[in-house]
Amino acid sequence: MNVRIPILKLRDTLIVSIQWELDDQTAIQFQEDLLTKLHETSARGVVIDLTSIDFIDSFIAKVLGDVISMSSLMGARVVITGIQPAVAITLIELGIRLEDVMTALDLENGLDKLQLELEA
Amino acid sequence: MSNQSSVEIQTEWDIVAARQLGRNVAKELGFGTVDQARITTAISELARNIYLYAGQGKIEIQRLTENGINGILIIAADNGPGIPDVRKVMEDGFSTSGGLGAGLPGVKRLMDDFKIETTLGEGTDIRATKWLR
């Protein structure tokens with residue numbers, strides 16, 4: 001039942017699109033896979049697109065927050081894109097703050113933002 | 001379709017099953033996407049609390065009608081250790097699991113009604129309702 005989330009490389013950026021509801025194991029596996037891929041490819045940026053995700057609980061939020069901090073330790077910047085209105089509302093009501101996290105409306109904006117950030 | 005269904009919580013996979021059940025019922029009842037997300041998230045948090053603190057328990061989903069208004073009731077019941085200081089766990093930012101689980105105040109905010117009964121050594125029963133407006 002362990003399905004892995006595909007991680008694509010485009011120039012110096014890794015692109016991840018989470019397409020289905022994350023269970024705990026998949027989320028933890030993703031954390032490891034992303035960091036391994038960063039190490040292997042020396043990518044400097046990561047875009048994680050959540051367009052297809054219709055809810056985020058505190059566990060998934062923690063895994064995402066952790067993977068952003070871990071990537072940053074490895075010298076990579078992460079942008080989260082495509083957070084749906086319902087997801088933004090429930091995260092804040094739940095009391096979860098993803099602070100200091102770079103976000104963008106969609107994948108395209110996310111890639112632009114990352115590019116600016118990496119050139120700066 | 002019965003107006004009551006439940007999922008036994010024993011493994012991480014049961015958390016997924018419970019929230020999928022809740023989402024389906026919420027969708028059938030006609031809740032919009034934001035309320036569906038609130039209900040799904042609340043169930044996920046409650047099921048995770050059972051998994052983390054009690055080891056096992058049950059999430060029950062009921063359809064309610066009161067004064068002509070439909071609603072969904074989530075019952076999270078376990079025979080775990082109980083909560084020693086309910087007032088404390090209802091404070092924002094209090095967690096005994098190292099940041100896992102935003103906790104009960106978050107669930108309370110996501111839902112319309114929230115009741116908790118807990119007895120040390122016997123278990124905890126949490127009831128949270130969302131009304132369809």
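Reader: What do the buried residues of helix 2 of chain A pack against?

Author: They pack against helix 1, strand 3 (45–49), strand 4 (77–81) and helix 3 (85–94) of chain A, together with helix 2 of chain B. Note that this is a predicted model.

Reader: Which residues of helix 2 of chain A are called buried, and what makes them so?

Author: The buried ones are S58(A), F59(A), I60(A), L64(A), V67(A), I68(A) and S71(A). The cut-off is 20 or more other C-beta atoms within 10 Å of a residue's own.

Reader: How do you know that the span of helix 2 of chain A agrees with its number of residues?

Author: Helix 2 of chain A has 16 residues, and at 1.5 Å a residue they should span 22 Å. The end C-alpha atoms of the helix are 22 Å apart, so the two agree. After helix 2 of chain A comes G75(A), with a positive phi near 85 degrees.

Reader: Why are helix 1 and helix 2 of chain A called roughly parallel?

Author: Helix 1 (residues 24–41) and helix 2 (residues 58–73) of chain A pack at about 10 degrees, their axes 10 Å apart. Roughly parallel needs an angle under 35 degrees. The angle therefore makes helix 1 of chain A roughly parallel to helix 2 of chain A. Helix 1 of chain A brings D24(A), A27(A), I28(A), Q31(A), L34(A), L35(A) and L38(A) to the contact. Helix 2 of chain A brings F59(A), I60(A), V63(A), D66(A), V67(A), M70(A) and S71(A). By class, that contact has 10 nonpolar, two polar and two charged residues.

Reader: What makes strand 1 and strand 5 of chain A edge strands?

Author: The sheet of chain A is open, with five strands in the order 1-2-3-4-5 and mixed pairing. Strand 1 (7–10) and strand 5 (102–104) of chain A each pair on one side only, and they are the edge strands. The twist averages 25 degrees from one strand to the next.

Reader: How do you know that strand 3 and strand 4 of chain A pair?

Author: Pairing needs at least two bridges. Strand 3 and strand 4 of chain A have five, in the parallel sense, so they count as paired. V46(A) stands opposite V78(A) in strand 4 of chain A.

Reader: Which element of chain B gives the most to the side that touches chain A?

Author: In total, 21 residues of chain B are in contact with 19 residues of chain A. Helix 2 of chain B gives the most to that side of chain B, with nine residues.

Methods. Residues are numbered from 1 along each chain as its sequence is written. Chains are lettered from A and ligands numbered from 1 in the order in which they are written. This is a predicted model: local features need pLDDT of at least 70, side-chain atom pairs count only at pLDDT 80 or more; totals for chains, interfaces and linings use all residues. Axes are lines fitted to C-alpha atoms, for helices over the stretch in contact, and angles run from 0 to 180 degrees between N-to-C directions. Helices (H or I, at least four residues) and strands (E, at least two) are DSSP runs, numbered from the N terminus. Angles under 35 degrees count as roughly parallel, over 145 as roughly antiparallel, 65 to 115 as roughly perpendicular and the rest as oblique. Two residues are in contact if their C-beta atoms, placed from the backbone, lie within 7 Å. Ala, Val, Leu, Ile, Met, Phe, Trp, Tyr, Cys and Pro count as nonpolar, Asp, Glu, Lys and Arg as charged, and the others, Gly among them, as polar. The expected span of a helix is 1.5 Å times one less than its number of residues. A residue is buried if 20 or more other C-beta atoms lie within 10 Å of its own, exposed if 12 or fewer, and partly exposed in between; C-beta atoms are placed from the backbone.
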